[in-house]
Amino acid sequence: MKLLEVLLNGNFLALIGAACAVIFAGLGSARAVGMVGEVAAGVITEEPEKFAQTLLLQALPGTQGIYGLLTAFVILNKIGIVGGPVKELTTVQGVLFLVAALPIAIVGYKSAIAQGKTAAAGIGIIAKRPQELAKAVTFAAMVETYAVLALLGSILMVFGINI
Amino acid sequence: MSIVKMHKITLIGLEKEKSGIIESLMNIGVLDINDIGDTALTEEWTGLVDKDNNEDEALTLELDMEKVRSALEYLNQYDKQKKPLFAPKRSVDALRFSDILKNKDDMWVAVEKISKLDEELAQLRMEENRLENLIASLTPWKSMNTPVELISTKTTSVIMGVLPIAADVKEIFKELSVNIPESYLQLVNVDKDQSYIQAICHKSREEELTRVLKNKGFNRLSFTDMKGTINQNIENSLKSIEEVDRKRETLRGEIAALAGKREDLEVLYDYLAIQRDRNIALGRLLKTECTFILEGWVPEHNINSFRNYISKWEWDCFVSIEESNKDEDFPILLENNRFVQPFELVTELYSLPKPSEIDPNPFMAPFFFVFFGLMVGDAAYGLLMAIATGIVIYKFKPQGTVGKLLKLLFLGGISTFIWGALFGGWFGDIVTQVSSGKFTIPPLWFNPLDDPMRLLMWSFIFGGIQLYTAMGLKGYSLIREGKVLDAVFDIGLWYIFLTGLVLLLVGGNVGTIGKYMTIVGVILLILTQGRAEKNIFKKLTKGVLSLYNAVGFMSDVLSYSRLLALGLATGVIASVINTIGTLLGFNILGIIVLLIVFTGGHVFNILINALGAFVHSSRLQYVEFFGKFYEGGGKPYKPFKINTKYINITDGRKV
């Protein structure tokens, strides 16, 4: 019974939501940034002067991790774990926070990897035609749109929950 | 404030005067030479003219340049003087330039010598490595004082080698003293991996002894090519290293002595670059047996000076200068005021306009300016960016792409400062955090963290304005092409329909007007959008289907929600940094932590958000804005001129 009580605790559920946002968005970004880094390293062995350009592309899929952290922070702030007296949440409120974290957790994970693949392919552009950097960046930024929308969805939901 | 008009130059001259003419054109440096090699070689021309092929020569020159460049690089390596980051080019008088080049042979000798010296230095480095490794392998044996070449006497054998650290040396010694009494073992040294052993035994028992030791993991070593004790060998190696050092110093001295040649070599490099460019230009001409033809473009503002310049020529040649019309594919040079100019970079990264298009920069610049600042949105960050880039611009006056980027960031910084002040973000909420909530810098407008919906609405409004501008520009280009009806039907009617929809959303009295506008818009759109079709039913179906574009318009507007998302992100990350920084309170340790977290965190936040703001502002321009009216695909204007790396040749006389 004690376990059930913990599981249904509103704050616990809200924290799971915050954790999911950080974990999955971060996982996705880590994989994606790693993926781009591997390809970039290949280019750098031949042409070290392209470091700045490839680094720019590598940084792009890193934003999902930041969005995840951001969402978590907004949740923590709202329930008072960061910067204020901790509020006692009902189970329903906890579930609401958990749901609010889902967009950035799931879309963040997937979009980071998709963006990583696009950015890795963009490194190929840099290798052959360095003057076309903007186009490679734009392709990757197209994917990022959906991470931004998910972040927006998550944040608006968190802001909208009444406690 | 637009695309600069170009004049087309056609020049036919005598083959024997070609190099003089080319040289002269290079000196004035305003003509962009067309590659007519491929375009003009149509049926009627074949057989009459030939491509002027100088690729081989250009390639040889390129190789020579590479040699000089690496020689210069070596010189820089051994030169103590530090050069500033954005050093201006040295000025060299044209007379002096040709004077220096009289000693070309001398310079080539120097280039060869430098590369030879560098090779020798590399060999010395290898030798030094070898010696250092040798010393490292000898050091553990230091306490052994028998000569290393002594591996046997008349009746005994001397064995040296290592045992893994896992083997119990004492145990082995004991065992051997019993089993093979005609042996003597000495433990020379022990380190963390192995024990160093010297064994002496009677020749008849050598085999047995090695077998026993091998079983324990013994690895026999021999010091071939060496004589004397270990210590003597180490000393010899140390002496050799000293010798290597001495040699290196002399070699370095020799290279340093050549450092005086550096300025001459830079001149040589630039001379070769000029020669190469000339050869490349020659490859763009066509020639017959005794004549050649050249085609190119000169910008309008240079055309008078160009005309004067060539009228002073003494060569026999024919030159025609025609004004271009916008259907011709001339190279693109943009001319904008000081505010818009940095934003040309954004368009250059996408694609330059075609000659028939309008220059999008004056329209794009204000939006980029506003969006960039809104997405970073912190007054202190904006100030830092503007000050940092401002100092670099003021001190070094960088040109070209770097210059444009820095100026863009400078303007972006100003915009960021304005938005930050409007939103009340100064390093996030540092004042509130440090004063534990007693003080807050109030926003001049409103704080988006308190009221995100309000900023979301504004993001959509900004987006709507930009999309309306894009449609207006599309309409303008249609009218310019003479398609007035298309402009009215495809742009005007959409304006009515979309404005009606927006008003309908607002509601109230305006909403009623909106309702009628929408209805009128819908009916007119259904009637006109299928006008290209012949069949009346197809006309109507296409008209109805075209209303689907409204969805596209909506999704374009929604895309501007990123303005809010990225704007919020900066503020939230900043307050995360501030919260972490102030966690330890205000004792000495806490203040140190605050300073470290504050500096590191906010620098990181500025970088990541400026990058994000740049990428996403660009994306809004490329996809949402340019997508509506702009095609691009123009090629940049690249005048044929003296393009040097190290020096400026003053007085553009014969070089």
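**Two chains, step by step**

In chain B, the centres of domain 1 and domain 2, taken over C-alpha atoms, are separated by 81 Å. The model is predicted. Domain 1 of chain B covers residues 150-222. Domain 2 of chain B is written in two pieces, 341-435 and 453-629.

Turn to chain A. Its secondary structure comes to six helices and zero strands. Read from the N terminus, the elements of chain A run α-α-α-α-α-α. Chain A has 163 residues, and 50% of them are buried. Its C-alpha atoms fill a box of roughly 60 × 30 × 25 Å along the principal axes. Now take the contacts in chain A between residues at least 6 apart in sequence. Of these, 85% join residues at least 24 apart.

Where do the two chains meet? The contact takes 20 residues from chain A and 22 residues from chain B. On the side of chain B that touches chain A, the elements giving two or more residues are α11 (344-350), α21 (561-581) and α22 (588-629). The largest share of that side, ten residues, comes from α21(B). Sorted by class, the side of chain B that touches chain A has 14 nonpolar, six polar and two charged residues.

Next, look at a pair of helices within chain B. Two packed helices are described by the angle between their axes and the distance between the axes. Helix α5 of chain B spans residues 104-138, and it packs against α9(B) at an angle of about 110°. The axes of α5(B) and α9(B) are 10 Å apart. Angles of 65 to 115 degrees count as roughly perpendicular, so α5(B) is roughly perpendicular to α9(B). From α5(B), the contact is made by Lys104(B), Met107(B), Ala110(B) and Val111(B). From α9(B), Asp264(B), Leu265(B) and Leu268(B) take part. By class, this contact of α5(B) with α9(B) has five nonpolar, no polar and two charged residues.

Stay with one of these residues, Asp264(B). It lies in helix α9 of chain B, residues 262-282. Which residues does Asp264(B) touch, not counting those up to four places away in sequence? They are Ile100(B) and Met107(B). Asp264(B) and Met107(B) are 157 residues apart in sequence. In space, their C-alpha atoms are 7.4 Å apart. Asp264(B) counts as partly exposed because it has 16 C-beta neighbours inside 10 Å.

Now follow chain B along to helix α14, residues 400-423. Helix α14(B) has 24 residues. From its first C-alpha to its last it reaches 34 Å, close to the 34 Å expected at 1.5 Å a residue. After α14(B) comes Gly424(B), whose phi is positive, near 75°.

The loops on either side of α14(B) hold two residues worth a look. Lys397(B) lies in the loop between α13 (379-396) and α14 of chain B. Its phi is near 45°, a positive value in a residue other than glycine. Phe427(B) lies in the loop between α14 and α15 (430-434) of chain B. Phi of Phe427(B) is near 50°, also positive in a residue other than glycine.

Is Lys397(B) buried or exposed? Lys397(B) has 11 other C-beta atoms within 10 Å, so it is exposed. And is Phe427(B) buried or exposed? Phe427(B) has 24 C-beta neighbours inside 10 Å, so it counts as buried. The cut-offs are 12 or fewer for exposed and 20 or more for buried.

Definitions and conventions. Residues numbered from 1 in each chain as written. Chains lettered and ligands numbered in written order. Predicted model: local features only at pLDDT ≥ 70, side-chain atom pairs only at ≥ 80, totals over all residues. Helix = DSSP H or I, 4+ residues; strand = E, 2+ residues; numbered from the N terminus. Contact = placed C-beta atoms within 7 Å. Nonpolar A, V, L, I, M, F, W, Y, C, P; charged D, E, K, R; others polar. Axes fitted to C-alpha atoms, helices over the stretch in contact; angles between N-to-C directions. Parallel < 35°, antiparallel > 145°, perpendicular 65-115°, else oblique. Domains from an automatic or database assignment. Expected span 1.5 Å × (residues − 1).
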